[in-house]
Amino acid sequence: MALVRTCLSKILSHRTRNPFLSYLSPPPLTLSLPRIHSFTLSASLSTSHTTRFKPICLYHSQGKCTKMDDLIHLEKFNHDSSRELQVNISELNKIRSQNLDFFLILDLEGKVEILEFPVLMISAKTLQVEGIFHRFVRPSNMSEQRINEYIEGKYGKFGVDRVWHDTAIPFKEVIEEFEAWLMQQKLWIGGELNRAAFVTCGNWDLKTKVPQQCEVSRIKLPPYFMEWINLKDVYLNFYNRRATGMVTMMKELQIPLVGRHHLGIDDTKNIARVLQHMLVDGALIQITARRNPRSPRDVNFLFKNRI
Ligand SMILES: [Zn+2]
């Protein structure tokens, strides 16, 4: 009962403070309900709150689901990348005019080599999910045995190691497919991105990891990775508060964490929710880091106050 109460009060306080974000699908409750009903309602709300999360179909997110006519599969897994990312239309007028049309939220997984490359495309005007690109990545410089151990340790705990083994492709192929996707979305025709920018949580993904993986995979650093937005820097300058990571930003903005933290595709959705929140709060989301075109290893940071 106490737990249920706490849960309900958290949900209610979240709804009250963030009325524009409809992450929680049940209709608003009033606090003036009779006590006896309040328990029944809070219990069912609490249940729906815990059961509502539907894991994303990791075959579908990669364009590889073959069970779209299997009702049990559809009931068990989420096939809609915009789920839990709906924003109330009446709040869109609070958004400042941005210099970009689209944000590409990227959150790589894998410390030794990249294991997952998820990108969520969000419109800067409607805040809607306009596209998704997601691939599991097979390391190119590792023995089979080491890969198996690595994947077991990383994805076994989420129960998604099987889908990883079924679908992972080498980074070089991921990049080729990503470029085809960028072109299809009219975001890129060579050179820099067109009216779009990557949004990451920290600089590690694009400053460090992508160039490292390009070396290991023996490909040139693609030109669209020359600049990016570190959301933590924008957060610091907008709210005047230092956040060490995604979870801290979410706690401070009272956004509930959805999905499995450190499953890349779920993390991009959580970062997207922080971004949506900041946009509705009136933030201008600008480029924070840019590589020197003559010496791409050198990165210039564009904000004076940085995390
Ligand atoms: Zn599926």
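Is Arg195 exposed, partly exposed or buried, and how many other C-beta atoms lie within 10 Å? In this predicted model, Arg195 is partly exposed, because 13 other C-beta atoms lie within 10 Å, and a residue counts as exposed at 12 or fewer and as buried at 20 or more. Arg195 belongs to the loop between α6 (171-184) and β5 (196-200). Its phi is near 55°, a positive value in a residue that is not glycine.

## Overall make-up

The protein chain has 307 residues, and buried residues make up 33% of them. Its secondary structure comes to ten helices and eight strands. Among contacts between residues at least 6 apart in sequence, 65% join residues at least 24 apart.

## The sheet

Eight strands form an open sheet, and their order is β4-β3-β2-β1-β5-β6-β7-β8. The pairing in this sheet is mixed. The edge strands are β4 (169-170) and β8 (295-301), each of which pairs on one side only.

Strands of a sheet pair through backbone hydrogen bonds, in either a parallel or an antiparallel way. Both senses occur in the pairings listed here.

| Strand pair | Sense | Bridges |
|---|---|---|
| β1 and β2 | antiparallel | five bridges |
| β2 and β3 | antiparallel | seven bridges |
| β1 and β5 | parallel | four bridges |

Particular residues mark how these strands line up. Ile105 stands opposite Leu120 in β2. Met121 stands opposite Gly131 in β3, and Phe102 stands opposite Ala196 in β5.

Strand β2 covers residues 116-123, and seven of its eight residues are buried, so the rest of the structure largely encloses this strand. A hairpin is formed by β2 and β3, with five residues between the two strands. In the turn of this hairpin, Leu127 has a positive phi of about 65°.

## Helices on the sheet

Helix α7 lies across β1, β5, β6, β7 (289-292) and β8. The direction of α7 is at about 90° to β5. Helix α8 also packs on the sheet, where it touches β5 and β6. The direction of α8 makes about 50° with that of β6.

## Helix α8 against helix α10

Two packed helices are described by the angle between their axes and the distance between the axes. For α8 (residues 231-239) and α10 (residues 264-280), the axes come within 12 Å and cross at roughly 30°. Angles under 35 degrees count as roughly parallel, and α8 and α10 are therefore roughly parallel to each other. The crossing in which α8 passes α10 is left-handed.

Which residues of α8 and α10 make the contact? From α8 come Leu231, Val234, Tyr235 and Phe238, and from α10 come Ile271, Val274, Leu275 and Met278. By class, these residues divide into eight nonpolar, no polar and no charged.

## Residues in the loops

Glu113 is located in the loop between β1 and β2. With 20 other C-beta atoms within 10 Å, Glu113 is buried, because 20 or more is the cut-off for that label. Leaving aside neighbours within four places in sequence, Glu113 is in contact with Pro139, Asn141, Met142, Gln213 and Val216. Glu113 and Arg138 are 25 residues apart in sequence, and their C-alpha atoms are 8.5 Å apart in space.

The loop between α7 and β6 holds Arg218. Arg218 is exposed, with 10 other C-beta atoms within 10 Å. Arg218 is not a glycine, although its phi is positive, at about 55°.

Pro222 lies in the loop between α7 (204-216) and β6 (227-230). How many other C-beta atoms lie within 10 Å of Pro222? The count is 15, so Pro222 is partly exposed. Pro222 and Glu179 are 43 residues apart in sequence, while the C-alpha to C-alpha separation in space is 9.4 Å.

Conventions:
Residues are numbered from 1 along each chain as its sequence is written. This is a predicted model: local features need pLDDT of at least 70, side-chain atom pairs count only at pLDDT 80 or more; totals for chains, interfaces and linings use all residues. Axes are lines fitted to C-alpha atoms, for helices over the stretch in contact, and angles run from 0 to 180 degrees between N-to-C directions. Angles under 35 degrees count as roughly parallel, over 145 as roughly antiparallel, 65 to 115 as roughly perpendicular and the rest as oblique. A crossing is left-handed if the near helix is turned anticlockwise from the far one by less than a right angle, and right-handed if clockwise. Two residues are in contact if their C-beta atoms, placed from the backbone, lie within 7 Å. Ala, Val, Leu, Ile, Met, Phe, Trp, Tyr, Cys and Pro count as nonpolar, Asp, Glu, Lys and Arg as charged, and the others, Gly among them, as polar. Two strands pair if DSSP finds at least two bridges between them.
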